[in-house]
Amino acid sequence: MKTSSLLRVSFACVLLIVSSVTSTVAEESDLQTIDLSGETNRQTVIAHGTPQTYQGHPTTLKLPGTDTIFCVWCINHGGAAGPMAKSEDGGKTWVRLDETLPPGFSTHQNCPSIYRMVDPKGVARLWVFSAALGHRGGPGMPSIMSEDDGHTWKEMPPLGFRCVMTFSSIVRLTDGRYLGLYHKGPDGKDKSPLNVMQTITSDGGFTWSTPKVVAAVDGKNPCEPFVFRSPDGSELCCLMRENTHTGRSLVMFSRDEGETWSTPNNTPWGLTGDRHIGVHTADGRWVIAFRDQAPGSKTRGHFVAWVGTYADIKNGHPGQCRVKLLHSHAGSDCGYPGVEQLSDGTIVATTYIKYRPGADKHSIVSTGFNLAEIDQPRTKPAP
């Protein structure tokens, strides 16, 4: 290649890099970050970590028409299930339910997730799925189930799906079935390449279709999918963690109830993070919480929430703002959340996090806020 051609190629590469950096800086400066992490009056510790005990990876579920919230989590990073707590006052106070659960639940492994599904006869059940039974090489996706809104539980047979983690989200389809998404690597192991898998239940959670790959991206590792419905009901959207952490998170869409999905593309900069979960608010906005992984972010590694509209996600717009919810004192080891909206509009976001400096390991912590507070002008930006 001639020297002039090499110079042109080099110059083009420099322009591409500068353009990418400039774009990221512009998006960051366009998106305000509001810092609530120091306002301890908002925060509730559901389960305290100790020098010996690491409380990890919670998910939550609010019963419809109430402010009753269930929270499940595991002990140690991706460790054994077993703990469960319940709040009947929107997360202000909690009661542990561990002793009421089936003894075998404590042998379930890795990031339990709780869901409510209604079968074709109208019977509602609560389900807690985990990744594996016993050692992680054991049968995939064991579960416990309740038919009385969480008063009693029984252990159910494993689904047999090998995975890194169990369902990270489930959405109801227009015909009453439920679509579940999870991720796995080769042979179900946590190694590249990671793929997002989809399966569907027609009987409210007892049996599921043969899983199929719905997101596989060369050079990327899509995982921890969060699927939700567009405000007009016509489309499913799926946000995904991108586990190489070299760029942004990923998003894909389906207009045929998950039969087909668009090619995954980058999210807006402000939605770059791990393990997205969110709620659609009464005024039409979305509040989506996650572990911040946005390139160049001042809050990278902490527990944050993005506020914006579905159109922002669909069209690649920055959104309204981001909120720093909790400060991590253990780097980026936080952020597997539950997010619920109470009857008065309060958003309750729950995560595992090293809540304070010192010897105590991670705790399960929730924090509350409402969008009226977010909309008020603030003069002090996040550090």
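Me: Which strand does β2 pair with, and over how many bridges?
Reply: β2 pairs with strand β27 (residues 363–369), antiparallel, over four bridges. Strands here are DSSP E runs of at least two residues, numbered from the N terminus, and two strands pair if DSSP finds at least two bridges between them. In that pair, T44 sits opposite S366 of β27.

Me: Before I go on, what sort of model is this?
Reply: It's a predicted model, where local features need pLDDT of at least 70, side-chain atom pairs count only at pLDDT 80 or more, and totals for chains, interfaces and linings use all residues. Residues are numbered from 1 along each chain as its sequence is written, and side-chain values use heavy atoms, leaving out hydrogens and water.

Me: OK, back to the sheet. What's the strand order?
Reply: β2-β27-β26-β25, an open sheet of four strands with antiparallel pairing. β2 (43–47) and β25 (338–341) each have a single partner strand, so one side of each lacks a neighbour in the sheet.

Me: New topic: how many residues are in the largest nonpolar core?
Reply: 40, and I288 and I313 have the most contacts inside that core. A core means buried (under 20% relative accessible area, 1.4 Å probe, protein chains only) Ala, Val, Leu, Ile, Met, Phe, Trp, Tyr and Cys residues joined through side-chain atoms within 4.5 Å.

Me: What does I313 touch, beyond four places in sequence?
Reply: Its contacts (heavy atoms within 4.5 Å) include F228, L271, I288 and W306. There's also a second, separate core of 18 residues, W73 and W94 among them.

Notes: Buried < 20%, exposed > 50% of the residue type's maximum accessible area, 1.4 Å probe, protein only.
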